[in-house]
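Colleague: Hello! I would like to learn how to read a few features of a protein model. Could you take me through one?

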Amino acid sequence: MADAATQPLKEIAIDYTPEACSHCATSNTITLTYDHRGGARWRTASRFRSGTFSALIRCPSGDTSGLNFNLYLSSLEGDKSQDEIDFEFLGRDRTIVQTNFYSEGAGNKERIHHLGFDASDGFHEYVIVWGSDAIEWRVDGKVVRREERKEGEGFPEKAMFLYASVWDASWVAEGKWCGKYCGGDEPYVCVYRDIRVPVGTSVVD
(Lines give C-alpha, C1' and ligand atoms only; values in the text may rest on other atoms or scores of the structure.)
Protein backbone atom coordinates (compact mmCIF):
# COMPACT_ATOMS: atom_id res chain seq x y z
CA MET A 1 0.00 0.00 0.00
CA ALA A 2 1.74 3.14 -1.22
CA ASP A 3 2.03 6.02 1.24
CA ALA A 4 0.88 9.43 0.05
CA ALA A 5 3.27 12.37 0.33
CA THR A 6 3.23 14.03 3.76
CA GLN A 7 4.23 17.34 5.30
CA PRO A 8 4.78 18.62 8.85
CA LEU A 9 1.68 19.86 10.66
CA LYS A 10 1.91 23.65 10.97
CA GLU A 11 -1.46 24.79 12.29
CA ILE A 12 -3.92 23.34 14.81
CA ALA A 13 -7.21 24.25 16.44
CA ILE A 14 -7.81 23.53 20.14
CA ASP A 15 -11.33 22.37 20.93
CA TYR A 16 -11.25 22.83 24.72
CA THR A 17 -8.93 23.72 27.62
CA PRO A 18 -6.38 25.63 25.53
CA GLU A 19 -4.27 26.25 28.64
CA ALA A 20 -3.67 22.47 28.83
CA CYS A 21 -2.41 22.26 25.25
CA SER A 22 0.85 23.73 23.97
CA HIS A 23 1.89 23.79 20.32
CA CYS A 24 5.29 24.69 18.90
CA ALA A 25 5.07 24.82 15.11
CA THR A 26 8.84 25.30 14.80
CA SER A 27 9.69 22.01 16.53
CA ASN A 28 6.41 20.37 15.40
CA THR A 29 5.58 19.35 18.96
CA ILE A 30 2.24 19.33 20.78
CA THR A 31 1.84 18.65 24.50
CA LEU A 32 -1.46 17.72 26.15
CA THR A 33 -1.78 17.78 29.94
CA TYR A 34 -4.43 16.11 32.10
CA ASP A 35 -4.78 17.46 35.65
CA HIS A 36 -7.37 19.28 37.80
CA ARG A 37 -8.45 21.25 34.71
CA GLY A 38 -9.43 18.06 32.90
CA GLY A 39 -7.88 17.19 29.56
CA ALA A 40 -7.65 18.90 26.20
CA ARG A 41 -8.17 18.11 22.52
CA TRP A 42 -6.45 19.45 19.42
CA ARG A 43 -7.22 18.90 15.76
CA THR A 44 -5.97 19.94 12.36
CA ALA A 45 -7.35 23.19 10.99
CA SER A 46 -8.78 21.42 7.93
CA ARG A 47 -10.18 18.05 6.93
CA PHE A 48 -8.45 15.62 4.59
CA ARG A 49 -9.94 13.28 2.00
CA SER A 50 -7.30 10.53 2.38
CA GLY A 51 -3.61 9.98 2.95
CA THR A 52 -0.93 9.12 5.49
CA PHE A 53 -1.07 10.56 9.02
CA SER A 54 1.66 9.98 11.58
CA ALA A 55 3.15 11.12 14.87
CA LEU A 56 5.81 10.14 17.35
CA ILE A 57 3.96 9.80 20.66
CA ARG A 58 5.17 9.47 24.24
CA CYS A 59 2.24 8.61 26.45
CA PRO A 60 1.86 9.80 30.06
CA SER A 61 3.61 7.79 32.77
CA GLY A 62 2.61 6.82 36.29
CA ASP A 63 -0.79 5.45 37.30
CA THR A 64 -2.77 6.41 34.19
CA SER A 65 -5.77 4.22 35.02
CA GLY A 66 -9.01 5.74 33.73
CA LEU A 67 -7.40 7.94 31.10
CA ASN A 68 -7.69 7.61 27.34
CA PHE A 69 -5.00 9.17 25.12
CA ASN A 70 -5.21 8.84 21.39
CA LEU A 71 -4.56 9.82 17.78
CA TYR A 72 -7.48 9.51 15.40
CA LEU A 73 -9.27 10.75 12.30
CA SER A 74 -12.90 11.87 12.47
CA SER A 75 -15.21 13.69 10.10
CA LEU A 76 -16.50 15.66 13.11
CA GLU A 77 -16.11 14.89 16.82
CA GLY A 78 -19.53 14.52 18.44
CA ASP A 79 -21.40 13.90 15.17
CA LYS A 80 -23.38 10.65 15.49
CA SER A 81 -22.97 9.86 11.77
CA GLN A 82 -19.20 10.33 11.78
CA ASP A 83 -16.55 8.43 9.88
CA GLU A 84 -13.54 7.72 12.11
CA ILE A 85 -10.24 5.80 12.27
CA ASP A 86 -8.64 5.38 15.72
CA PHE A 87 -5.53 4.64 17.71
CA GLU A 88 -6.56 4.65 21.40
CA PHE A 89 -4.35 4.03 24.41
CA LEU A 90 -6.21 2.60 27.41
CA GLY A 91 -4.76 3.96 30.64
CA ARG A 92 -5.25 0.73 32.57
CA ASP A 93 -2.52 -0.94 30.44
CA ARG A 94 0.02 1.05 28.42
CA THR A 95 1.43 -2.10 26.77
CA ILE A 96 -1.61 -2.32 24.49
CA VAL A 97 -3.28 -0.06 21.93
CA GLN A 98 -6.81 -0.31 20.53
CA THR A 99 -7.67 0.30 16.88
CA ASN A 100 -11.16 0.90 15.54
CA PHE A 101 -12.99 2.51 12.64
CA TYR A 102 -16.45 3.91 12.01
CA SER A 103 -18.57 4.52 8.93
CA GLU A 104 -21.71 6.68 9.23
CA GLY A 105 -21.51 6.35 13.01
CA ALA A 106 -21.32 2.55 12.98
CA GLY A 107 -18.23 1.16 14.71
CA ASN A 108 -17.81 -1.92 16.91
CA LYS A 109 -14.70 -2.93 15.00
CA GLU A 110 -12.31 -2.67 17.95
CA ARG A 111 -9.13 -4.69 18.09
CA ILE A 112 -6.50 -4.82 20.83
CA HIS A 113 -2.82 -4.99 19.86
CA HIS A 114 0.02 -5.89 22.21
CA LEU A 115 2.81 -3.37 21.68
CA GLY A 116 5.68 -5.23 23.29
CA PHE A 117 6.64 -2.06 25.20
CA ASP A 118 5.22 0.50 27.62
CA ALA A 119 3.92 3.39 25.50
CA SER A 120 5.27 5.86 28.07
CA ASP A 121 8.85 4.61 27.89
CA GLY A 122 9.79 6.88 24.98
CA PHE A 123 8.64 8.05 21.58
CA HIS A 124 7.14 5.49 19.21
CA GLU A 125 5.73 6.09 15.74
CA TYR A 126 2.02 5.57 15.07
CA VAL A 127 0.79 5.79 11.47
CA ILE A 128 -2.66 5.65 9.85
CA VAL A 129 -2.63 5.10 6.09
CA TRP A 130 -6.14 5.75 4.76
CA GLY A 131 -6.84 5.00 1.13
CA SER A 132 -9.96 4.54 -0.97
CA ASP A 133 -9.76 0.75 -0.71
CA ALA A 134 -7.88 -0.01 2.50
CA ILE A 135 -6.74 1.29 5.91
CA GLU A 136 -3.47 0.36 7.60
CA TRP A 137 -2.45 1.02 11.20
CA ARG A 138 1.31 0.87 11.81
CA VAL A 139 3.44 1.00 14.94
CA ASP A 140 7.18 1.66 14.56
CA GLY A 141 6.98 0.70 10.88
CA LYS A 142 5.11 -2.59 11.43
CA VAL A 143 1.58 -3.06 10.08
CA VAL A 144 -0.51 -4.12 13.09
CA ARG A 145 -3.84 -4.08 11.25
CA ARG A 146 -5.12 -3.81 7.69
CA GLU A 147 -8.77 -3.48 6.67
CA GLU A 148 -9.87 -3.60 3.04
CA ARG A 149 -13.09 -2.13 1.71
CA LYS A 150 -15.71 -4.89 1.38
CA GLU A 151 -18.75 -4.69 -0.82
CA GLY A 152 -21.90 -4.03 1.18
CA GLU A 153 -20.00 -2.93 4.31
CA GLY A 154 -19.37 0.61 5.51
CA PHE A 155 -15.96 2.18 4.94
CA PRO A 156 -14.70 5.65 5.98
CA GLU A 157 -14.93 8.04 3.04
CA LYS A 158 -15.95 11.42 4.49
CA ALA A 159 -13.23 14.07 4.74
CA MET A 160 -11.72 13.91 8.24
CA PHE A 161 -9.76 16.00 10.73
CA LEU A 162 -6.76 14.54 12.57
CA TYR A 163 -7.50 14.73 16.31
CA ALA A 164 -5.75 13.92 19.58
CA SER A 165 -6.94 14.22 23.17
CA VAL A 166 -6.42 13.11 26.74
CA TRP A 167 -9.61 12.54 28.76
CA ASP A 168 -11.03 10.66 31.73
CA ALA A 169 -12.87 7.60 30.38
CA SER A 170 -13.62 6.09 33.81
CA TRP A 171 -17.35 6.10 33.13
CA VAL A 172 -17.12 4.00 29.95
CA ALA A 173 -18.23 0.40 30.57
CA GLU A 174 -18.12 1.11 34.33
CA GLY A 175 -14.34 1.40 34.22
CA LYS A 176 -13.70 -1.86 32.38
CA TRP A 177 -12.38 -0.11 29.24
CA CYS A 178 -9.70 2.24 30.57
CA GLY A 179 -9.90 1.60 34.30
CA LYS A 180 -10.95 3.98 37.06
CA TYR A 181 -9.17 7.30 37.46
CA CYS A 182 -7.09 7.74 40.62
CA GLY A 183 -5.03 10.81 39.74
CA GLY A 184 -2.16 10.15 42.12
CA ASP A 185 0.46 11.03 39.50
CA GLU A 186 -0.97 14.29 38.11
CA PRO A 187 -0.10 16.01 35.90
CA TYR A 188 -0.27 13.48 33.08
CA VAL A 189 1.54 14.70 29.98
CA CYS A 190 1.17 13.24 26.49
CA VAL A 191 3.68 14.51 23.92
CA TYR A 192 3.21 14.39 20.13
CA ARG A 193 6.26 15.06 17.96
CA ASP A 194 6.96 15.14 14.22
CA ILE A 195 3.26 15.14 13.36
CA ARG A 196 2.73 14.68 9.63
CA VAL A 197 -0.34 15.08 7.43
CA PRO A 198 -1.02 14.46 3.74
CA VAL A 199 -0.05 16.79 0.92
CA GLY A 200 -2.78 17.83 -1.49
CA THR A 201 -5.83 16.17 0.08
CA SER A 202 -7.04 18.90 2.46
CA VAL A 203 -10.57 20.25 2.09
CA VAL A 204 -11.57 23.87 2.64
CA ASP A 205 -14.88 24.00 4.53
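Colleague: Where is the place of P187?

Modeller: Strands (E, at least two residues) and helices (H or I, at least four) are DSSP runs, numbered from the N terminus. P187 sits in the loop between β15 (161–168) and β16 (188–198). The peptide bond leading from E186 to P187 is cis, with omega near 0 degrees.

Colleague: Before we go on, what kind of model is this?

Modeller: It is a predicted model, where local features need pLDDT of at least 70, side-chain atom pairs count only at pLDDT 80 or more, and totals for chains, interfaces and linings use all residues. Residues are numbered from 1 along each chain as its sequence is written, and side-chain values use heavy atoms, with hydrogens and water left out.

Colleague: Is S54 buried or exposed?

Modeller: Buried means under 20% relative accessible area, exposed means over 50%, and partly exposed lies in between (1.4 Å probe, protein chains only). S54 has a relative accessible area of 8%, so S54 is buried. This residue belongs to strand β7 (residues 51–58).

Colleague: Which residues is S54 in contact with, leaving aside its neighbours within four places in sequence?

Modeller: Contact means heavy atoms within 4.5 Å. With those neighbours set aside, S54 is in contact with Y126, V127, D194, I195 and R196.

Colleague: What is the phi of D194?

Modeller: Phi of D194 is near 50 degrees, a positive value in a residue other than glycine. D194 lies in strand β16, and D194 is partly exposed because its relative accessible area is 34%.
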